[in-house]
Amino acid sequence: MIVKDVVCPFCGCLCDDVEVTVEDDRVVAVDNACTLGTSKFLGDHRLPGPIRRDGNGWKDISYDEAIRYAVDMLLDAERPLLYGWSSTHGEAQCVGVHMAELVRGVIDNTTSVCHGPSILAIQEVGHPGCTLGVVKNRADLIIYWGCNPIDAHPRHLSRYTRYADGFFLENAFRDRTVIVVDVRKTETANIADEFVQIRPGGDYAVLSALRAIVRGKTDTIPRSVSGVPREQLLRIARRCKEAKFGAFYFGQGITMTRGKYKNVRNAIELVDELNRHTKFTISAMRGHYNVYGSNEVNTWMTGYPFGIDFARGIAFYNPGETTAIDVLARRECDACLIVASDPAAHFPRPCVEHLAEIPVVQIDPYANATTAFCNVQIPVAVTGIDAAGTAYRMDGVPLRIRKVIESGYPSDEEILSRMYAMIQEVRSE
Amino acid sequence: MRVTLTVRPREKPFLPIEAETIVPRNFLDGTDTTVWRGNRELPLDAVFSVSVEGNAETAAEVEVVMRGDTALIKRVGEYMDAGRIVVEGDIGMHCGNFMSGGTIEIGGNADGWLGREMRGGSIICRGDAADYCASGYRGDKKGMTGGVVEVFGSVGDFAAEHLAGGTVIVHGSAGDMAGAEMHGGTLIIYGDCTRPCANMTGGTAFVHGTAYDMLPTFRRVGTIRREGRTFIQFTGDIANRGKGNLFVGDCRYMD
């Protein structure tokens with residue numbers, strides 16, 4: 001059976017034109033998806049059932065036992081951390097926020113290690129953004145700054161920018177100008193009309209220089225700014241001002257380098273300035289397929305998008321203090337629930353060392369690097385393959401993620417709801 | 001009146017304590033107050049051994065002395081309006097948040113957000129202060145609006161971010177982007193720093209040492225003499241309105 005118009009649950013593009021061939025409740029072929037999405041649909045070697053650490057090995061336990069362990073762990077903790085969330089559906093994220101409030105823990109999602117600084121900047125100066133459809137149909141100038149979509153969001157170029165014809169652009173490849181700004185010549189830079197190479201850590205200075213040029217203050221700009229010649233800066237500023245509609249996409253090349261949210265703020269203020277001359281928008285290249293959703297869910301439920309501390313019974317937010325890396329590196333938390341993430345593969349060593357010292361429960365379909373640090377792992381269905389739910393695309397558009405096979409695994413939402421019900425029962429006693 | 005708070009040994013020493021109740025005015029009514037350890041609310045004397053000497057009729061007559069392992073005690077002196085707090089060792093985050101009067105003296109180092117959104121009074125830190133010293137809160141347009149923060153060691157990144165009034169003095173060096181977005185007040189750094197006063201719209205900053213990776217959007221005006229030293233005067237940040245004044249002993253650009 002071929003299932004059409006499937007939404008790919010890999011990156012923030014949420015490509016919704018994927019065709020999946022299913023035989024005997026197994027995905028056997030995938031069309032239209034990129035290699036990243038295809039490998040996720042064809043993923044194998046799932047954990048068959050919940051496991052609990054037993055000395056130097058593991059023993060199989062039931063879902064009931066695993067859930068009871070997780071509930072006891074959270075109820076005993078004085079500062080539990082609930083981390084992950086970006087690779088599961090919004091309905092599960094909702095239950096997670098309710099649960100964090102009830103156990104008075106800290107809940108954080110992967111935003112704090114990717115585009116958290118983008119949100120901090122947006123909180124300071126706003127977000128002149130738009131949907132991907134608007135960019136596809138109107139943008140004649142695209143800037144990719146500190147991101148490499150060919151590797152990280154492979155279909156972004158073919159669905160929305162370089163290779164995508166739009167309503168007002170009949171021949172996108174000819175009519176669109178693509179500028180790539182990065183510290184090295186990436187694959188994306190190879191297909192750009194202009195590549196701007198910046199010295200590492202120099203993004204802020206280049207953005208400031210562009211802002212000054214757009215404001216007409218060119219006399220102060222030196223011959224070279226962070227490795228970029230003055231003539232090139234003047235040319236880029238002119239191209240931006242002359243564009244009919246510009247779209248600025250940025251990645252972790254500016255959010256996770258020196259200056260962090262100040263880089264993003266500077267980029268947003270550059271776009272604000274350009275809007276005095278033409279139409280220009282800016283958006284983040286979000287990574288995990290539902291990381292935007294976790295920000296949405298957290299914000300509508302708590303007022304804050306990530307890094308929320310419920311210790312006092314009310315939501316407190318202060319990235320740098322209430323975010324997972326900080327809570328772990330300072331060895332504050334005394335228990336950790338990880339949902340749909342793999343912090344041991346990405347976090348700094350002191351954080352992982354602390355994970356090894358405290359009780360950890362992981363809810364994830366696959367054994368991963370974090371498995372080595374957890375006490376219990378609960379396998380679940382994969383959203384978009386054997387579980388359905390809601391996810392938000394990188395431009396904030398919510399999409400219903402379909403289920404294409406029946407596997408018998410419970411979804412994240414089912415496991416978390418059972419945990420939440422048990423915690424409610426104990427708390428009400 | 002002198003209130004001495006000595007931290008008791010803790011079973012989980014890395015759990016932070018939130019103690020915004022440690023403010024001189026609160027001790028006029030006795031020491032029957034609470035603090036938070038993680039998600040548990042505890043009486044003050046469960047975390048500190050408390051001793052009180054003398055009497056006071058106003059908050060200005062109260063001195064609070066903190067001893068022992070105070071490095072993870074957060075929010076001490078929050079909304080303080082009078083009196084004196086002496087921390088003999090290090091202090092945790094958010095010390096002196098929103099304070100409007102009185103004095104906090106820290107013998108050791110201060111963690112992040114020292115004197116956040118301070119309105120008046122003075123904070124003296126004998127050691128180093130971490131990131132966001134004398135800054136604003138996330139998303140706020142105004143940081144510190146009055147008072148004095150003086151750090152005898154060095155400070156981390158984003159010191160005096162969104163500075164809108166008052167004076168911040170750093171005797172050592174500052175990290176990255178000191179005085180970012182500042183639009184009032186005075187920032188003095190006796191050591192070095194990187195990218196000072198990014199996107200500033202007003203206020204005055206002095207860097208006695210070298211400003212590394214100086215931003216290209218500051219317009220060089222000339223030189224001035226101050227305290228027996230020559231400073232290069234800039235106005236900026238011209239990426240926006242550019243009405244701030246930045247004086248640096250020396251500077252280096254990232255070409």
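Predicted model: local features only at pLDDT ≥ 70, side-chain atom pairs only at ≥ 80, totals over all residues.
Reader: How much of chain A counts as buried?

Author: Of its 429 residues, 60% count as buried. The cut-off for that label is under 20% relative accessible area.

Reader: What share of the contacts in chain A joins residues 24 or more positions apart?

Author: Such pairs account for 67% of the contacts with a separation of 6 or more.

Reader: Why is the pair A:Arg46 and A:Asp386 called a salt bridge?

Author: The side chains meet at 2.7 Å, N to O. The cut-off is 4 Å between a side-chain nitrogen of Lys or Arg and a carboxyl oxygen of Asp or Glu, so the pair qualifies.

Reader: What does that pair tie together?

Author: A:Arg46 lies in the loop between helix 1 (35-41) and strand 4 (51-54), and A:Asp386 in the loop between strand 19 (376-378) and strand 20 (389-392), so the pair ties together parts that are 340 residues apart in sequence.

Reader: Are A:Arg46 and A:Asp386 buried or exposed?

Author: A:Arg46 has a relative accessible area of 19%. That is under the 20% cut-off, so A:Arg46 is buried. A:Asp386, at 3%, counts as buried too.

Reader: How do you know that A:Lys262 and A:Glu124 form a salt bridge?

Author: Their closest N and O atoms are 3.4 Å apart. The limit is 4 Å, so the pair is a salt bridge. A:Lys262 sits in helix 13 and A:Glu124 in helix 4, so the pair links parts of the chain 138 residues apart. Both residues are buried.

Reader: Which labels do A:Arg174 and A:Asp175 get for accessibility?

Author: These two form a salt bridge as well, with the closest N and O atoms 3.3 Å apart. A:Arg174 has a relative accessible area of 61%; the cut-off for exposed is over 50%, so A:Arg174 is exposed. A:Asp175 has 30%, which falls in between the cut-offs, so A:Asp175 is partly exposed.

Reader: Which residues do salt bridges that share partners join into one network?

Author: The network holds A:Glu124, A:Arg211, A:Lys262, A:Arg265, A:Glu269, B:Glu161 and B:Glu181. Over all chains, the structure holds 47 salt bridges.

Reader: What makes up the interface between chain A and chain B?

Author: 50 residues of chain A are in contact with 46 residues of chain B. The two chains bury about 4,100 Å² between them, with 47% of it on carbon and sulfur atoms. A:Glu78, A:Arg258 and A:Arg312 supply 19% of the area that chain A buries there, more than any other three residues.

Reader: How many salt bridges and polar contacts run between chain A and chain B?

Author: There are 11 salt bridges. One of the pairs is A:Arg312 with B:Glu20, at 2.5 Å, N to O. There are also 34 residue pairs in polar contact. Helix 10 of chain A gives the most to the side that touches chain B, with six residues. That side divides into 18 nonpolar, 11 polar and 21 charged residues.

Reader: Why is A:Asn109 called buried?

Author: A:Asn109 lies in strand 7. Its relative accessibility is 0%, against a cut-off of 20%, so A:Asn109 is buried. A polar atom of its side chain lies 3.2 Å from the backbone oxygen of A:Pro305. Its contacts beyond four places in sequence include A:Tyr83, A:Trp85, A:Asn298 and A:Phe306.

Reader: Why is A:Phe41 called buried?

Author: A:Phe41 is in helix 1. Its relative accessible area is 3%, under 20%, so the label is buried. Among its contacts beyond four places in sequence are A:Val6, A:Cys8, A:Val18, A:Val30 and A:Ile385. The C-alpha atoms of A:Phe41 and A:Phe10 are separated by 9.1 Å, with the two residues 31 apart along the chain.

Technical notes: Residues numbered from 1 in each chain as written. Chains lettered and ligands numbered in written order. Heavy atoms only, no water. Contact = heavy atoms within 4.5 Å. Buried area = accessible area lost by both parts, 1.4 Å probe. Polar contact = N/O pair within 3.5 Å; in protein donor to acceptor, adjacent residues only side chain to side chain. Helix = DSSP H or I, 4+ residues; strand = E, 2+ residues; numbered from the N terminus. Nonpolar A, V, L, I, M, F, W, Y, C, P; charged D, E, K, R; others polar. Buried < 20%, exposed > 50% of the residue type's maximum accessible area, 1.4 Å probe, protein only.
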